[in-house]
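Please have the coordinates open as you read.

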Amino acid sequence: EEDHCPDECGVFGIHGHDEAPHITSLGFYALQHRGQESCGIVASNGREHTALRAMGLVADTFAAKTLSRLKGRHAIGHVRYSTAGESLLRIAQPICANTAGGPVPIAHNGNLVNAVAIRKELEGRGAIFGSTSDSEAILHLLARSREHSIEDRFIDAVSRVKGAFSILLLTDDALIGARDPSGFRPLSLGRLDGAWVLASETCALDLIGAKFERDIEPGEVVVIRRGRLRSLRPMARAASERFCIFEFIYFARPDSNIMNQNVYAFRKELGRRLAREYP
């Protein structure tokens, strides 16, 4: 792989809102700066999933007429800039797969450092991968898990991967979110008219008028079902956090708040510190 500093992806999810697909499109419109390569939405009405994915920008893709094809009160969305895998529509996210527990779409922000090793292991056991995306490894692990509930299968899968991840998973009746134990990538929790919202940055919550509740903690998994949120801690939190400083320097939007700090104010303070140290 080329040695470069890649941009990042953005994820957005909402559970329990009558306008879930529309709200999701607005949410990742606010996150467009995190990825301009492709975008996608998957919605659930409690019985089935509908999906739309396209290359290009959100504003050029998801018009009102297009969004009317998506039905349901739950949805997840993703804007992508390829940091692992090819730049093709077939690997635009959310990535969907049919499992024994039903259809499972996921949206992933981050990079998995052991994705190649997991891929080789699974291919040796007969798995067939449809893309070069490291996110697909999570779906294969979930599908092969012997746990019974979908959240336990998901936890089993993310417990095996290493690296940076903020992941959203959508089932027929639940929205599940997870953040890696080191907390490399941000993930925020909010509320909108009784609905729960998960987003990469708080600027997405601001655009839709949602109230910021808190950041998802490193190693935390949240399961939102029937309007209730359950917090799980299945992954041991790393001894020291490894939050990516480039979120504050470059990736995040200036009006977002990350780790209880405003990004713009943080950047201004960096300038002050630099001026004091190197006048």
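1. Which residue of strand 7 does Ile106 stand opposite? Ile106 faces Leu169. Helices and strands here are DSSP runs (H or I of at least four residues for helices, E of at least two for strands), numbered from the N terminus.

2. A word on the basis of these notes. The model is predicted, so to speak of local features pLDDT must be at least 70, side-chain atom pairs count only at pLDDT 80 or more, and totals for chains, interfaces and linings use all residues. Residues are numbered from 1 along each chain as its sequence is written, and side-chain values use heavy atoms, with hydrogens and water left out.

3. Strand 6 (residues 102-109) has 7 of its 8 residues buried, where buried means under 20% relative accessible area, exposed over 50% and partly exposed in between (1.4 Å probe, protein chains only). On one side, strand 6 runs antiparallel to strand 5 (residues 95-99), joined by 5 bridges. A hairpin of 2 residues connects these two strands, and Thr99 has Gly102 as its bridge partner. Strand 6 also pairs with strand 7 (residues 166-170) in the antiparallel sense, over 4 bridges; here His108 is partnered with Ile167.

4. Axes are lines fitted to C-alpha atoms, for helices over the stretch in contact, with angles from 0 to 180 degrees between N-to-C directions; contact means heavy atoms within 4.5 Å.

5. Thr202 belongs to helix 7 (residues 202-208). Is Thr202 buried or exposed? Thr202 counts as buried because its relative accessibility is 3%. Leaving aside neighbours within four places in sequence, its contacts are Ser188, Phe212, Asp255, Ser256 and Asn257. A polar atom of the Thr202 side chain lies 2.7 Å from the backbone nitrogen of Asn257. For a polar contact, the pair of N or O atoms must be within 3.5 Å; within protein, one must be able to donate a hydrogen and the other to accept it, and residues adjacent in sequence count only if both atoms are side-chain atoms.

6. Helix 9 (residues 263-277) spans 21 Å from first to last C-alpha over 15 residues, close to the 21 Å expected (1.5 Å times one less than the number of residues). At its start, a side-chain oxygen of Asn262 comes within 3.1 Å of the backbone nitrogen of Tyr264.

7. Finally, the rings. The structure holds 5 aromatic pairs (rings of Phe, Tyr and Trp, the last by its six-membered ring, with centres within 6.5 Å; planes under 30 degrees apart are stacked, over 60 edge-to-face, the rest tilted). Phe246 and Phe251 make a tilted pair, 6.1 Å centre to centre with 40 degrees between the planes. Phe246 is partly exposed at 35% relative accessible area, whereas Phe251 is buried at 5%. Ring pairs also link Phe243, Phe248 and Phe266 into a cluster.

Conventions
Two strands pair if DSSP finds at least two bridges between them.
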